[in-house]
Amino acid sequence: MLLGRLAALRVSVAAAVAVVILLNIAIFSRSDSNVYTNAADAGLELGLDALTSNEYTESLRKGLLEAHKETVLDQIKADLAKAHEQQFLEELRQKVKKEHEQNMIRQLQKQLDRDFTQSYYTLKNKHYDLFQSLQGKYYEENKDQFKEFEIFAAVDAALGVDSSLELKSKVREKLEKSMSRKEYFRFVLEDLIVKNAPNMGPLTKEELGDDLKYCAWVTSPVIYDRNKLDIVKFSSERFHDFQKNHDNLVNLLRLLSYPPSHIFSGDGIVLSAGGAYFAGAFVTIAQIRETGSKLPIEVMINTQEEYDAQLCSTLENTFNARCVVIENEIGNEMLTKLKLTKFQLKILGLLVTSFENVIAIDADNLPLSNPDKLLLTPQYLSTKFLLWPDLWQRTISPTYYNIARILPGMPVRRYGIPNDEDGKDYFSRNPGSVHFHDREGLPSAVSTETGQMVFSKREHFRALYLSLYYNVYGASHYWRMFYQGSPGEGDRDTFVPALHVFNEPYHVVDRSTWLAGFDEKSGRFQETTIVQYDPLTSAGFVKEWKKFLAKKGKDLRLLFDQNNDHTRGLLEEFQNEMGQDLPPLPEVMFLHVHRPKINPVLETDPKGYFDCFQQRNLGLPGRYTDHFGKTDWELRFNLISRWAACKGLSSPAWWDSVKRDQTKVCQAVSDYVKFLEKDSKDPKAHEFKNIVVNF
């Protein structure tokens with residue numbers, strides 16, 4: 001077709017040349033006779049010869065071709081496009097797809113994210129405008145009361161540490177009348193938590209799914225990909241019910257201002273107690289004070305029925321530890337309505353404590369060094385939320401992340417593979433085949449435990465309230481999505497997901513945890529204690545470890561405490577190269593003695609633990625010297641326990657409530673102390689600097 005067009009074009013040009021020649025001849029033959037009167041016939045012949053010469057014809061042809069050049073090219077282009085357009089487009093599409101497909105997918109995802117974000121914030125602004133309008137209307141209707149509150153709130157915020165206690169007390173009293181703590185807690189619990197409860201009932205047995213098979217430790221690489229964690233499944237109707245109420249609560253929390261200054265302030269340590277757990281709290285509080293801690297302590301008690309005036313008086317006068325009854329803080333009606341138990345009440349206690357910067361410690365968790373220093377570590381100051389690792393890998397369901405609108409990205413961590421495996425292959429895999437929690441945007445594979453936490457209630461109140469929501473509806477709705485059969489439920493891993501929802505910072509201590517215990521007569525190891533480390537020395541060690549990896553040209557994400565021979569060899573190489581410059585090893589800071597607890601009431605319960613007074617529960621002397629030092633911690637803890645059983649826990653009414661004979665318990669613990677003394681290698685075990693445990 002193209003050649004035919006070119007031939008036709010040449011013919012048309014030739015014809016045009018002929019026409020031009022004929023026109024010129026005609027012009028010459030018809031010219032005015034006056035002009036050519038003297039022209040000779042020879043001149044006419046010469047003119048005709050010139051017009052019909054090859055030179056003239058060629059120059060004319062070239063001129064016409066030049067004049068029509070663009071037309072010719074346009075026609076050629078049109079024919080080429082028509083003939084090859086589909087072929088060229090297909091080749092171009094394949095080339096672009098090959099070179100840019102992944103990048104285009106990422107860009108599309110980002111665009112969708114932006115579109116969603118824009119839609120979300122447009123909706124949010126509409127809600128915010130309405131909220132502001134209603135807020136303004138309410139303020140106008142109650143402005144006298146608000147003005148008074150604002151004045152005293154400003155005065156309270158301005159009062160320094162040198163201000164008189166009497167003045168502070170009067171200001172706080174006035175603030176309490178304007179907006180009481182109980183009213184604020186009612187707002188959080190009723191208007192935020194309860195009003196956004198899931199509408200549908202508890203998850204059914206079919207929706208819960210089967211337990212996850214083989215729950216791996218953090219130090220043992222295993223791949224829990226998306227499919228393996230996709231255990232909890234339910235209908236779209238239930239999903240939308242979850243997501244609608246979750247969205248409502250999150251939106252309200254985003255709009256919520258900081259809590260008023262009189263709701264909480266200052267720094268302090270918080271423990272939960274009540275009932276038989278009073279005994280464990282006595283032991284832990286005494287050990288806290290022995291480390292040199294000076295911070296005030298609040299002991300959270302669930303109900304007025306569990307409150308014991310005599311024990312609380314002993315705690316306050318001996319250890320500067322004040323009892324706080326949760327029922328009195330939020331009201332009996334609210335506590336009854338929530339129907340909370342155990343772990344749920346523990347986090348409720350964190351809500352009502354009066355401290356802003358909180359060091360929360362379980363009543364069976366004994367610090368080996370002063371916990372006050374945790375508030376001054378860079379790891380806390382940079383994030384205002386400090387957490388410790390649990391033994392198990394994180395097993396949160398993808399369904400939860402869909403509900404919370406948290407999007408998993410590409411793999412950026414390598415908890416799913418051992419240190420001797422090449423990470424390049426792992427990171428190039430399909431994201432669906434890597435460890436789900438190795439993906440960007442999600443928490444890491446390291447789950448957390450809450451035997452100890454440090455956080456700012458002011459900086460993280462939104463995440464704390466959302467975590468409270470997960471726990472209030474934990475047993476019925478949320479806990480299954482967080483654990484899916486992994487050991488230990490409750491509040492332990494509900495804080496990190498809430499922090500991610502609001503993109504709030506946090507730090508998890510770098511050194512992994514492990515279990516200490518003893519060998520039974522059969523040779524079987526019986527664990528008793530979770531060992532947790534100091535964040536400062538852990539971070540310092542990891543910093544030097546990464547320098548070593550960089551020097552060796554290795555992946556900086558390699559874990560120094562992974563449980564395999566390759567890592568142990570690499571760690572030995574690191575230690576040998578560092579020599580005297582080796583940084584301090586991470587120091588043990590907490591011994592979470594949970595089974596059996598150092599609690600004279602629980603230890604003497606015939607239906608409770610194994611016969612825990614027949615052996616050392618932290619192993620024979622010297623077994624853990626490389627970890628805990630030469631101090632006989634088990635003997636020291638039980639010397640405190642003996643004081644608590646025989647003297648500190650001095651309320652007859654309390655002993656009646658726990659159904660124990662104080663004399664018998666005192667004798668049992670005293671006998672166990674003598675048993676421990678027989679093989680102790682610590683000559684200073686009886687020396688206490690800051691507390692008195694003799695009686």
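**Figure 1. Y214 lies in the loop between α8 (205-208) and α9 (226-229).** The view is taken from a predicted model. The phi of Y214 is near 60°, a positive value in a residue other than glycine. Most residues other than glycine have a negative phi. Y214 is exposed, with a relative accessible area of 57%.

**Figure 2. K339 occupies the loop between α14 (332-338) and α15 (342-352).** Here too a residue other than glycine takes a positive phi, with K339 near 55°. The relative accessible area of K339 is 70%, so the residue counts as exposed.

**Figure 3. Overview of the protein, with its 28 helices and 11 strands.** The protein has 695 residues, of which 47% count as buried. Its accessible surface comes to about 36,000 Å², and carbon and sulfur atoms hold 54% of that area. Among contacts with a separation of 6 or more, 79% are accounted for by residues 24 or more positions apart. The mean pLDDT is 85, and 76% of the residues reach 70 or more. Over residues 5-9 the pLDDT stays under 50, and the model has 4 contacts beyond four places in sequence for them. Residues 113-132 likewise have a pLDDT below 50, with 7 contacts in the model beyond near neighbours in sequence.

**Figure 4. A disulfide joins C312 to C323, with an S to S distance of 2.1 Å.** The torsion about the S-S bond is -95°, and the link is left-handed. C312 lies in helix α12 (residues 309-319) and C323 in strand β3 (residues 321-325), so the pair ties together parts that are 11 residues apart in sequence. Both cysteines are buried: C312 has 4% relative accessibility, and C323 has a relative accessible area of 14%.

**Figure 5. A disulfide joins C646 to C666, with an S to S distance of 1.9 Å.** The torsion about the S-S bond of C646 and C666 is about 100°, so this disulfide is right-handed. The pair links distant parts of the chain, 20 residues apart, with C646 in helix α26 (residues 633-648) and C666 in helix α28 (residues 662-679). C646 is buried at a relative accessible area of 18%, and C666 is buried at 16%. The structure holds 2 disulfides, and with the bonded cysteines numbered in sequence order the pairing is 1-2, 3-4.

**Figure 6. Helix α11 (residues 277-290) and the glycine that follows.** The helix has 14 residues and reaches 20 Å from its first C-alpha to its last, close to the 20 Å expected at 1.5 Å a residue. Of the 14 residues of α11, 13 are buried, so the helix is largely enclosed by the rest of the structure. Just after α11, G292 takes a positive phi of about 105°.

**Figure 7. The largest nonpolar core has 81 residues.** The residues with the most contacts inside this core are L348, Y400, L466 and Y478. Helix α19 (residues 461-472) supplies the largest share of the core, 9 residues. L348 touches L189, I326, I330, L335, L340 and L468, not counting residues up to four places away in sequence.

**Figure 8. A second, separate core has 72 residues.** Among its members are Y533, L602, W643 and A645.

**Figure 9. A445 is buried in the loop between α18 (423-428) and β7 (446-456).** Its relative accessibility is 1%. Not counting residues up to four places away in sequence, A445 touches V218, W392, Q393, R394, Y415, H435 and H437. Of these, W392 is 53 residues from A445 along the chain, yet the C-alpha atoms of A445 and W392 are separated by 8.6 Å.

**Figure 10. The peptide bond from R595 to P596 is cis.** Omega of this bond is near 5°. Most peptide bonds are trans. P596 is found in the loop between β11 (588-593) and α24 (600-603).

Technical notes. Residues numbered from 1 in each chain as written. Predicted model: local features only at pLDDT ≥ 70, side-chain atom pairs only at ≥ 80, totals over all residues. Heavy atoms only, no water. Disulfide = S-S within 2.5 Å. Helix = DSSP H or I, 4+ residues; strand = E, 2+ residues; numbered from the N terminus. Buried < 20%, exposed > 50% of the residue type's maximum accessible area, 1.4 Å probe, protein only. Expected span 1.5 Å × (residues − 1). pLDDT = per-residue confidence, 0-100. Contact = heavy atoms within 4.5 Å. Core = buried A, V, L, I, M, F, W, Y, C linked by side-chain atoms within 4.5 Å. Areas by Shrake-Rupley, 256 points an atom, 1.4 Å probe, with all protein chains shown as cover.
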